[in-house]
Amino acid sequence: MDNGPWYSKQEGSPLKLSRNASITSPRRMDNSELKLVREYNSQVSIPEHQILSFDHLLDEINFGKFQYWIYGIMALMSISEGAQITIFTLMVPILKNEWHISDSLNSLQASFVFVGYLVGSMLSGQLADRVGRKKPFLISSFFTCLLSLGTIACQEIYSLLIVRALLGILVGLFAPCGVTMISEITPGHLRGRYMGLITLTFAIGQLFGLLVAEFTLISLDEGNWRLLTFWCCLPGFLAWFISLFRLRESPRFALLSGQKNLAYNIIEEMIQSNKSSIQFNDEMKIKLSNWTHAMNRIAKNQKNASITSLFENNRFFLTILIWFNWFILSFVYYGIVLLLPDILSHIEQTQTGRDKIIQLVVSCISDILGAVAAAFFIELKGFGRKNSLIIFFTIQALTALMGFYDIEHRFIYWATASKFFLSMTFIFSFQYTAEVYPTKIRTTGIGMANGIGRLGGVIMPWICMYMNSKQLRSPFVLFSVLSVITSFSNCFLPFETLGKELE
C-alpha cells in the first residue's frame, strides 16, 4: 500500500493541489488515517490518492480571519459564562444576609444550576449532532443572555431557583456546541494550543465579574447584585449579535451530514477570508467527497446522536473513564469556587471586603495563567492530553491537601494554586474529549461528559457546605483524595490523542 499523501501525486514533481498551488513537502498519512483508509478500501475500492481528508485540507487553508471571528464569538460567550459563575458565588453570602436564606436553600440553588446544565448538555448532543452546531448555539445563547437579565427581576429565592435552573439548561446547550465548533474548524497542528487558549476566557469572565463587583458591591456579603448582573450580561449579548453575521455551520458536519454544497461554500469562504493560495477546484471536491463517503461508510453502524453510541465499538471503558474524570473535576473545581468567598469571610477578620475581593481576583488570574500553561504543555511530547491529566491532577491534590493543613494565613495561596492546576486539567479534559469521539457523535460525547461532570456540581454543595460547617477548610482533604483517585484512573485511558486526526 502506498503510504503517500492524500492528494494526487505526479511522478517526479511536487504534490499538486491545483493549477496554482502545490505542497513541496507533503504530509504523510498518520496511523489513524491509514487505519481509516484501509478499513474503507476493504469494502469499496477507491485508490488512496483519490481521497482528500478534511483535516488535511484544513491544514493547508490554515488558521486565519475566518477562525478569528468564530473564536471571538466563543470567547465572548465564555467570558459571559465565567462572569455568571462569579455572580452566582458572590450572591450566596449576599442573599444569605439580604433574603435570610438558609444553607440548605443555597445548596439547593447550586444544585438547580448543575441539574439544569446536565439536562442542557444531554439535549445539546442530540440537537447538534442532528441539526448542526450553528442553530442550537444561536438560539440557546440568545435566551441565555435574556434569562440572565431576568434574574434581576427576582424578588425571592424560589423564583430565582427556577431562573437558575433554566439558565443551567441553556448554558448546557450552547457550551458543547461551541467547543465542538472550534474543534472542527481548527487545523490539527494548532487544535490543542488554540482550544486551550479559548478556554482561558472562562477565567477572564470570572475576573471580569470580580472587577465589576469591585464597583457594585460593598463587601463579600453586601452590595447591588442586580447592577452586577446587568453589566456581566453585556459580553453575551455582544457575542450573540456578532454571531448573527459571522457564525457559520461547521463544514465538517455539513460534509458528513450530506450538505455538500453548504460545506463547499463555507470552505471557499474560509479560503477567501484566510487569503489562502489554494484553488478549491472540482477535482479536490471529488476527493473530499470520497473521504466523506469513507467516513460515513465506516460510521454506518453507529447510532447518530445517540447516547448509547458512546459505548459502542469498544468505547464503553473509555466513556466511563471520561465521565468519571469530568465528574471529579467539576466537583473539585466548583467546590473551591463556591467555598472560597465563604471561607475568606471567616478567616482574616482584619481584612476589608475590598482586600478579600482582590484575593478572589488573584485566584482568577491564576486560572488564566493555568490556561496559558496548559496551552504550552498540551502539545509537548511526553505531556500531551493523557499524561498531563495524570501529572497535574496529582500536583493539584498536593496543593489542596496543603490548603487544609497549612495555617489559615496561607490558605488563599494554596487555594489559588489548586485552581491554577484545575484550570489546566479542564483544558486537557475538553481537548481529549473533543478528539476521542467521531464527528457524528462528538457533540453528544462532549455534552454528556460535561453534563455528567455537572452531576458533581449537583451533589457538591450538600457535601462541601456540610463539611465546611463542621470544620472550616475540611472539604480540601476530600478534594485531595478525589484528585489522587482521578489521576490514577486516567492512567487507564486507552490512548493519547496528541497528533490524532479527527474522525
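User: Within what distance do the axes of helix H16 and helix H17 come, and at what angle do they cross?

Analyst: In this predicted model, where local features need pLDDT of at least 70, side-chain atom pairs count only at pLDDT 80 or more and totals for chains, interfaces and linings use all residues, the axes of helix H16 (residues 442-470) and helix H17 (residues 475-490) come within 8 Å and cross at roughly 135 degrees. Residues are numbered from 1 along each chain as its sequence is written, and side-chain values use heavy atoms, with hydrogens and water left out. Axes are lines fitted to C-alpha atoms, for helices over the stretch in contact, with angles from 0 to 180 degrees between N-to-C directions. Helices (H or I, at least four residues) and strands (E, at least two) are DSSP runs, numbered from the N terminus.

User: Why are H16 and H17 called oblique to each other?

Analyst: Angles under 35 degrees count as roughly parallel, over 145 as roughly antiparallel, 65 to 115 as roughly perpendicular and the rest as oblique. The angle is roughly 135 degrees, and H16 and H17 are therefore oblique. Ile463, Cys464, Met467 and Asn468 of H16 make the contact with Pro475, Leu478 and Phe479 of H17, where contact means heavy atoms within 4.5 Å.

User: What makes Thr86 count as buried?

Analyst: Buried means under 20% relative accessible area, exposed over 50%, and partly exposed in between (1.4 Å probe, protein chains only). Thr86 has 3% relative accessibility, so Thr86 counts as buried. Thr86 is found in helix H3 (residues 65-98). Not counting residues up to four places away in sequence, Thr86 touches Gly205, Gln206, Gly209 and Leu210.

User: Why is Leu380 called partly exposed?

Analyst: The relative accessible area of Leu380 is 28%, so Leu380 is partly exposed. Leu380 lies in the loop between helix H13 (353-377) and helix H14 (386-405). Leu380 and Leu498 are 118 residues apart in sequence and 8.6 Å apart in space, C-alpha to C-alpha.

User: Which residues form a nonpolar patch on the surface, and how do you know that Leu127 is partly exposed?

Analyst: The patch consists of Val115, Val119, Leu123, Leu127 and Val131, with about 360 Å² of accessible area together. A salt bridge is a side-chain nitrogen of Lys or Arg within 4 Å of a carboxyl oxygen of Asp or Glu. Accessible areas come from the Shrake-Rupley method with a 1.4 Å probe; for residues, only the protein chains shown count as cover. Leu127, in helix H4 (residues 103-131), has a relative accessible area of 38% and is therefore partly exposed.

Notes. Patch = residues over 30% accessible without salt bridge, like charges linked within 9 Å, V, L, I, M, F, W, Y side chains within 5 Å.
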